[in-house]
Amino acid sequence: MTKTASLLATVGLGALMIAGLAGAREQPAPSTAVSSADDASPQAPTGPHTPVSAPADELSEVVVTAGFRESLVRAANIKRNEATVSDVIAAEDIGKYPDVNIAESLQRVTGVQITRSRGTGSTISVRGLSPSFVNTELNGRQIVSGGGRTFDFLSLSPDFVGSVVVQKSPTASDIEGGLSATVDVRTARPLDVGKTTVAGRVEGVYNDLRKQASPRVSAIGNYVNSDDTFGISLGGGYEKLKNRSYFQQSYGAETGVESGKSPPVDYNRDGDFNDAYAFDHAQSYFVTTGVRERYSSIVNVQWRPSDAVEVYGDGLWTRFEDSADQWDAATRFTNIAPASAGQKYGVVSSTIDTNFVNQLLGGAQGFLTTLDADGVDYRADRQPYDRRDTISSGAVGIKLNNGRLHTNLEGQFSRGVLSSFDAQASAFSRASVGITRPDGYGGQADLTFDRGYNPLDPNGFAFLTVSRRLNYSADRIAGGKLDIVFDVGDGFIKKLKAGTYYSDRQLFSTYAPSNVDAATAARLGNYTFQPGVEGGSISSAPFLTRVSSNADIPHWLGSYLTFDYDKFYKALGGEAAVTQAVPYEEQLGSRLDITERTIAPYVQVDFSDSQDRFSGNIGVRYVRTRLTSQGYGANLDGLTFSGDGVTTIVPPAGALTEKSHYGYVLPSLNLKYNLTDRLAARFAAARVLARPDFSQLGVGISVNANVLNITSANPNLKPYVSNQFDLSFEYYLPQSGLISLAFFYKNVDNFIVNGQVLDTRVVTRSDGSTVPLTFRRNAPINLETVKIKGVEFGYQVPLELITHFNSGLGLFGNATYIDAPEVPAEENGLPFPLPGVSKYSYNVGAYFEKWGVGARAYYNWRDKYETGQDNYFGDREFQIAYGQLDGSISYDVTKFATVSFDFENILNRAQKQVNNFGLARAWLENGRQFTLGLRARF
């Protein structure tokens, strides 16, 4: 029997068994009809989408104004009436989302863990799987952010969000792709708001490392005509955030083969070059000063002339800009050599640890815990970048109701364009420097410059190159859906649903570098070219500036030199003249041009007993996808190192086109049984899929000669497919309280790992010389089966349940345990934890709301996890356990106006990363953030 047939049999048997149990135990229970966003009808009759709501006496007890507790009440009500295993974050009022960042709010949902970018929530992972397994939607349709399948929530303003639903079990009518979860960001429909109103906010945001304030403003208006047949909502917002961060980074444990270095290096000073040792590849000290800006606008329109017809449309436009200037002082122990013939170089002393050789890679005989050498590559770099992410999304639809027959036809569109510029200037010298670890492997390294070397003398630095790069990515989805619902009647089967979804998704991505080498700089600026120094250079002294910083990081370099682009371009006749001399040229071998066309019909049956005590749905969805991947091959026999020894130029080969297709049957079952009026049990079983990242589906090849990696893609990859099961219990307390417990299990097939082989290629240096290099050549393949299981616990408890003296006080929080296996990142490699999985995570918080005063504080913590990034040498990168305390205080000046004060990371925690044997990889300090604001509604 196939896995699909087995799951269908399980689904059917489970439905019959629980139906029999429900028939034997039917009891009267109150019910309230609630409309579902998935129904074609404007008012869904009592059925599986409208299970037992709060008893009438409970509803009369809950009297709260628009505040944080109100958002908890709304979230609990939405969760209670969802047809699936779901969790919800709800806005306190129109234009009043409870957090200043959507991702930050979602960490209050059980099973959700977030990743931060410069201290702010950016992406989310759910139930132990990476962010690319989350399907993000806006009002029930897919939304893209320009960077591929992983949605960046920094691009989306929370100011116009009504609720965010994290759906963990699918129905047949849901768009596929959310193997870990589907996150549906819902904006309020104007007729649902039901009245004409205007709300706005003005805030100032202060970063204590940047020591500057910046503005955040937004406004939303909702209009409903007098007979409630037409409504329109319009909103707009602008946000600017000035920030600063301090980042000390290592790049992992590189294994250096003494004879393989050019020139050879005797790491253990035994007089030969026959050994191999692992060492810290480099140490970089970054000071990042940045500005983030976000422009947002929305429109929602509804026209409902009668109960038989509704026409609607909504649109969103947002642009997120992120620019930063990064000073970088980098000490690269991977490159020990003389600047010119006859100069001193080599290891002066070293200490070797052989206690964990089995954890080292590449045949290393030990790890160099200390290393003191002459001729170490020491750089005064600067790496500015400028990123712009623009999202457009819209839908137009019509709902027709003809008796018991309801039809919903909708056209959908979403487009994300991500464009960016980045540069790296390389001015370096040959340092006499030693590295030690006074705080152990997990502590930050300490660098000591000695034997007369002065890192602040600009005359000791040679200029090699400025590497510039333009990046462009466009992701578009155009499609539509047809949903047909037939209300069967008052029997056990309540609704029959059928429909289809079609999407045409296209992603195009490319980049174009421009590398200004020393010879070009000498010609444009009339400088003396030194062919015998570093393979060809000019003096960097005219382009360097001394900077200082006071980062609260152990063993930080307080002062160092950095590159000054203004001085550089001015000396060479202007940036336009430089670009004319060295134009940007697209790297065709790295281009992605992928089209996915999907059609997905479904059928679904919704059912419930006569008292709505037992309800659910069962259905099946068939997904058929055709993929076309176009691009260019790469000429690996023509690899060229730029002058900095880091940037790699890959000449293209011929044009390539690959096509593939697949089809999957995806059954699903969702059941709910109300054990009492307050206690509900849910069970769900489904087969779900998630498609590989677009970067894995290309036909091109990228090369990084600095860390000796060749990465190719595989357009014939199969999607991840999971058979999954959920069991949950929800107890709804009086006064809007809630306690929930959930168990989940996922069996994920077609898990992708890297097939890896060694590949030796001859690389040409900028001076025309060549050197053979042995690369790790990676290509993704479907290889593993991964089983993930876990437990989620959540609560929101108003303390007035205990005594009226606690009126206004409440607690909320959650905890998640995830049991995920270790899998090899490379074929036949060592097993490592799944990227993004923290075994334990929790959120605890408390709130107070009374007398117009609102206050809340919450602490979020997640356990150590593997980042899945920057794995240059196979030793992985792990974010160690991290916790952050955030909160807010507000006061209602009048019933129309509220002042508020929010704080983030008030304990000023830093993020730390290590490799597989505990070697420090990074230390990141983002500082605290404070927001003072005024909100008004009329």
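Tutor: Residues are numbered from 1 along each chain as its sequence is written, and side-chain values use heavy atoms, leaving out hydrogens and water. Since the model is predicted, local features need pLDDT of at least 70 and side-chain atom pairs count only at pLDDT 80 or more, while totals for chains, interfaces and linings use all residues.

Student: Which residues of helix α6 are buried?

Tutor: Buried means under 20% relative accessible area, exposed over 50%, and partly exposed in between (1.4 Å probe, protein chains only). Helices (H or I, at least four residues) and strands (E, at least two) are DSSP runs, numbered from the N terminus. An α-helix has 3.6 residues a turn, so residues three or four places apart point the same way. In α6 (residues 518-525), the buried ones are Ala-518, Thr-520, Ala-521, Ala-522 and Gly-525.

Student: What comes just after α6?

Tutor: Asn-526, with a positive phi of about 60 degrees.

Student: In which order do the strands of the open sheet run?

Tutor: Two strands pair if DSSP finds at least two bridges between them. Here five strands follow the order β1-β6-β7-β4-β5, with mixed pairing. At the edges are β1 (86-90) and β5 (141-142), each pairing on one side only. Five bridges join β1 to β6 (residues 161-167) in the antiparallel sense, and Val-88 has Val-165 in β6 as its bridge partner.

Student: Why does Ile-739 count as partly exposed?

Tutor: Because its relative accessibility is 32%. Ile-739 belongs to strand β34.
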